[in-house]
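Visitor: I would like to learn how to read the pockets and the overall fold of a model like this one. Could you walk me through it?

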Amino acid sequence: MENTITVTTPLLPDLDDFHSLLKEIWSSKWITNNGQFHQKLEEALCDYLKVPFISLFTNGTLPLLTALQALRISGEVITTPYSFVATTHSIWWNGIKPVFVDIDPSNCGIDPDKIEAAITPRTTAIMPVHCYGKPCDNKRIQAIADKYGLKVIYDAAHAFGVEVDGESVLNWGDMSTLSFHATKVYTTIEGGAIVMHDEATKKRIDYLKNFGFASETEVVAPGINGKLDEVRAVYGLLNLKQVDKAINARHQVAIQYRQAFQNVKGIRFFNDMIGVKHNYSYFPIFINAEEYGMTRDELYFKLRDHNILGRRYFYPLISTFSTYSGLPSASPDNLPNATRIANEVICLPMHHELSSDDINRIIELIVN
Ligand code: T4K
């Protein structure tokens, strides 16, 4: 039986290094609530990501919920259905109505041409997603936001370390959120963060993730418990040392996939964008069944039959789930690109430990 190849595998720190830092935590007896390693990780991430302020969280969903709270967003928020459910759920959990807008096939992000038509007097914000780490068209999104007085919160869960012309995409909009889940390029096992522009906002978000406590006796807002503990902060500090190597390894995988698929009819994939520092977090391919001679699902299950576990990120669309399918903006007529692409996509295995044999096995099944 051929070995199983999963869509990803976690970035694991060296066990001895992890152990020696665990010993430090044990002797300090400070294991959560803004401990020394939490503070060190915030500093180290600001440096690495080239961002001014960051607030760590215990996963990548709470930052979305909290960013909406911190900016006091209400009414309606414009977003796309082509994402992980957490994006839209965060809007819904805040009692806000999500309004779906179609995506641009060139990056699977929100199509700026479709945003203005979705704005109503109740719209207060736009929540675009840098899907697969492909940067959205920030200039156009921000211009629309400025024209209508809207906030922009980027779901940058996939965009760790992504830069455009030397600038981190995490500095775009009013805030950006990250996920450090085990399946991400950079991980703290579970974890996440909000990136913000100023110290006052960081302070407010730090309160919000700690139940709203501003001091021992003062609760200034209805906060939540979103804190990252010391064990995962240490895990994150160690992974920061090896994330560049992991991204380079992913880049090599992308190069091999692209070479193999460039002349295959009916397979579309993304090339690198000029001026962009990519993180190769995912390798989606899009199957045109007529040209390829097989549907996306036929290929997906053929790969599964050979123990190659790609994933159909993002199928089904969020707008098709029962919570959201009744919304007028959830109609497939409103979302032709997202609807088509959700039926074309397979994210192929993409991680730092894929061997050439693994890659060749995957390629052979797809090309032949
Ligand atoms: N916004 C966006 C745009 C997101 O994509 C996400 C999360 C969020 C927000 C929310 O962030 P978090 O609250 O999750 O931090 C995964 C992840 O659970 C999720 O984090 C991620 N997006 C989503 C795209 O993918 P699943 O259900 O596909 O994961 P799972 O458990 O099936 O794992 C996929 C594969 O990874 C496994 O087949 C094998 C490998 N794996 C996984 C785990 C957990 C391992 O090798 N080891 C592991 O420990 O959702």
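Guide: Gladly. Keep in mind that this is a predicted model. Let us begin with the largest pocket, which has a volume of about 430 Å³.

Visitor: Which residues lie nearest the centre of the largest pocket?

Guide: Phe84, Ser179, His181, Thr183 and Lys184 do, out of 27 lining residues. Helix 4 (86–93) and strand 17 (345–348) each contribute at least two residues to that lining.

Visitor: How does the lining of the largest pocket divide by class?

Guide: There are 12 nonpolar, 11 polar and four charged residues.

Visitor: And what is the volume of the second largest pocket?

Guide: About 290 Å³. The second largest pocket is lined by 13 residues, with Asn34, Asp206, Tyr207, Lys209 and Asn210 closest to its centre. Two or more lining residues come from each of helix 2 (36–49), helix 6 (199–208) and strand 11 (213–215). By class, this lining holds three nonpolar, five polar and five charged residues.

Visitor: Turning to the whole chain, how many helices and strands are there?

Guide: The protein chain has 11 helices and 17 strands.

Visitor: Why does the radius of gyration agree with a compact globule?

Guide: Because a compact globule of 368 residues would have a radius of gyration near 21 Å, and the protein chain has 21 Å. Of those 368 residues, 57% count as buried, that is, under 20% relative accessible area.

Visitor: What about contacts along the sequence?

Guide: Among contacts with a separation of 6 or more, 70% join residues 24 or more positions apart.

Notes:
Residues are numbered from 1 along each chain as its sequence is written. This is a predicted model: local features need pLDDT of at least 70, side-chain atom pairs count only at pLDDT 80 or more; totals for chains, interfaces and linings use all residues. Side-chain values use heavy atoms; hydrogens and water are left out. On a 1 Å grid over the protein atoms alone, a cavity is a set of points where a 1.4 Å probe fits but cannot get out, and a pocket is an open set with protein on both sides within 12 Å along at least five of seven lines; lining residues have an atom within 4 Å of a point. Grid points are joined across faces, edges and corners, and a volume is the space filled by probe spheres set on the points. Helices (H or I, at least four residues) and strands (E, at least two) are DSSP runs, numbered from the N terminus. Ala, Val, Leu, Ile, Met, Phe, Trp, Tyr, Cys and Pro count as nonpolar, Asp, Glu, Lys and Arg as charged, and the others, Gly among them, as polar. The radius of gyration is taken over C-alpha atoms; the globule rule is 2.2 Å times the number of residues to the power 0.38. Buried means under 20% relative accessible area, exposed over 50%, partly exposed in between (1.4 Å probe, protein chains only). Contact means heavy atoms within 4.5 Å.
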